[in-house]
Amino acid sequence: VLLGKNYSAEQMDQMWKTILINQFHDILPGSSIKEVYEVTKQEYDALAKQGKAMEQDYLHQLTSASDELTLFNTVGFERNSIVSLPEYKSSALKDADGNYYPVQKTEDGAVASVSKLPSKGYRVFQWADQEAASPFAIDGWNIETPFYKISMDEGGCIVSLYDKQNEREVIREGERANVLQIFEDKPLDNEAWDIDIFYQQKMREVTELTKIEVTECGNLRAVLHMEWKFDASVIKQDMIFYANDRRIDFETWVDYYEVKQLLKVAFPVDIRATYATYDVQYGNVKRPNHWNTSWDQARFETVAHKWVDLSEHNYGVSLLNNCKYGHDIKGNVIRLTLIKTATNPDYLQDLGVHEFTYSLLPHNGDFVVGDTVKEAYALNQPLTVMGGKATLQGSFIELDNPYVELDAVKRSEDKEYLVVRFHEYTGSKRKV
């Protein structure tokens, strides 16, 4: 029993073991045969349904029926965040203290901007009215937000991203950002495992922009929808700018049929640094962004989890993602690997539909000052919405040091205690 509610430890243990099987070293990187993925897809679909049913059951136990909304924050720090709502009822939300939070209607519901959601906790909001004007200005290929002035070219790439607050250009002069690049990917051996360094010798850009339109321009966000065609493939993308967040999201849908072709996206940023920082489990690692030694050259493709960052002392740029792990950062160019399509041992590897989001985060200072870790969590673990009123409000567990990251909370195997896992992510000694 947790907070007086049911805690399905046995069911979660079985689900966890199924996930572990599917994290096996050939299944995980995409180097198993086709039949394996037919099974793992069924198992993951079943796990997703189980997990959602458990979550909904637990949230129902915590809430009572009403016209209010309860927002749940599942991460271990207080959040100010944009949240997607299933429906639009009015122009604002109001909390118990009488504070108003703006709401914007979208095509499939609404988004709201809320603040002070407690660590591992929840707050209740009522629908209310409070009109607000749009802070965005869009004129042809030029977009202005509260944070940036953006110029696009006719291929859908960013040619200028001017940071108004810091009075500096984010993109290297003469370069273009959010460039979709396709490389011939024919490694000498183990084609589903390996990327060989000579892949960079044959590159084509996705330039055939077939559609561009502004689909939203409200008080909280502006959305620029773009579509490209490349041979047999189609790429659709929503570039999302926020009124209250420096992050720029690229929500992407790809129907991909390019065999042995590696899809990447490139951001040449105006940052001068000799190393980049990569998110890994329980911390981060700094690696050179040059090829001065043979060891450096061998690390031309490097793993990271939720983010990578390239920073000077007082300014930097992070590239976040919600499901991609391959990166290459050389000099000032940050690239993220999006799709790899080998033919052996799975002759249909990764052909078809993909959905993913990556995000650009220009920021003050380094990744610590710039809140890269928190923004990456906001992208990967959005707030959970439940209709009704929570019977309790507040935080289940919180840490008093903002640089200590809460990784996991679970019941101990002997059912007597709570196990809490956390780590310090800046590389410093701290009290918590």
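Is K415 buried, exposed or partly exposed? I looked this up before anything else. K415 has a relative accessible area of 49%, so I noted this residue as partly exposed. The cut-off for exposed is over 50%. I keep in mind that the model is predicted.

**Entry: backbone angles**

I stayed with K415 and checked its backbone. K415 is not a glycine, yet its phi is positive, at about 65 degrees. I found K415 in the loop between β29 and β30 (418-424). I wrote down the background as well: most residues other than glycine have a negative phi, and most peptide bonds are trans.

I then looked up K260. Its phi is near 55 degrees, again a positive value in a residue other than glycine. K260 belongs to the loop between β17 (248-256) and β18. With 26% relative accessibility, K260 counts as partly exposed.

I also checked a peptide bond. The bond from N344 to P345 is cis, and its omega is near 10 degrees. I located P345 in the loop between β25 (333-339) and β26 (352-364).

**Entry: helix α2**

How many residues does helix α2 have? I counted residues 34-62, which gives 29 residues. From its first C-alpha to its last, α2 reaches 42 Å, close to the 42 Å expected at 1.5 Å a residue.

I listed the buried residues of α2, among them T40, L47 and M54. L59 and L62 are buried too. I then asked what the buried residues of α2 pack against. I found α1 (9-21), β1 (63-73), β6 (121-128) and β27 (384-390).

**Entry: the sheet of 6 strands**

I traced an open sheet of 6 strands in the order β13-β12-β18-β25-β24-β21, and its pairing is antiparallel. Which strands stand at the edges? They are β13 (203-205) and β21 (302-303). Each has a single partner strand, so one side of each is left without a neighbour in the sheet.

Strand β12 (residues 179-184) and strand β18 (residues 261-268) are antiparallel and pair over 6 bridges. I noted that L180 has V265 in β18 as its bridge partner.

I traced another open sheet, made by 5 strands in the order β7-β8-β9-β10-β11, with antiparallel pairing. Its edges are β7 (137-139) and β11 (168-169); each has a single partner strand, so one side of each has no neighbour in the sheet. I followed β7 to strand β8 (residues 142-144), where the two pair in the antiparallel sense over 3 bridges. I138 stands opposite I143 in β8.

**Entry: a hairpin**

I looked at strand β19 (residues 275-280) and strand β20 (residues 283-288), which pair in the antiparallel sense over 6 bridges. The bridge partner of Y278 is V285 in β20. How many residues lie between β19 and β20 in the hairpin? I found 2 residues, and Y282 in the turn has a positive phi of about 60 degrees.

**Entry: a surface patch**

Last, I looked up a nonpolar surface patch of about 410 Å². F396, L418, V420, F422 and V432 make this patch. I placed F396 in the loop between β28 (394-395) and β29 (404-411). F396 is partly exposed because its relative accessible area is 33%.

Technical notes. Residues are numbered from 1 along each chain as its sequence is written. This is a predicted model: local features need pLDDT of at least 70, side-chain atom pairs count only at pLDDT 80 or more; totals for chains, interfaces and linings use all residues. Side-chain values use heavy atoms; hydrogens and water are left out. Helices (H or I, at least four residues) and strands (E, at least two) are DSSP runs, numbered from the N terminus. The expected span of a helix is 1.5 Å times one less than its number of residues. Buried means under 20% relative accessible area, exposed over 50%, partly exposed in between (1.4 Å probe, protein chains only). Contact means heavy atoms within 4.5 Å. Patches are made of residues with over 30% relative accessible area and no salt bridge: like charges are joined within 9 Å, nonpolar side chains (Val, Leu, Ile, Met, Phe, Trp, Tyr) within 5 Å. Accessible areas come from the Shrake-Rupley method with a 1.4 Å probe; for residues, only the protein chains shown count as cover. A salt bridge is a side-chain nitrogen of Lys or Arg within 4 Å of a carboxyl oxygen of Asp or Glu. Two strands pair if DSSP finds at least two bridges between them.
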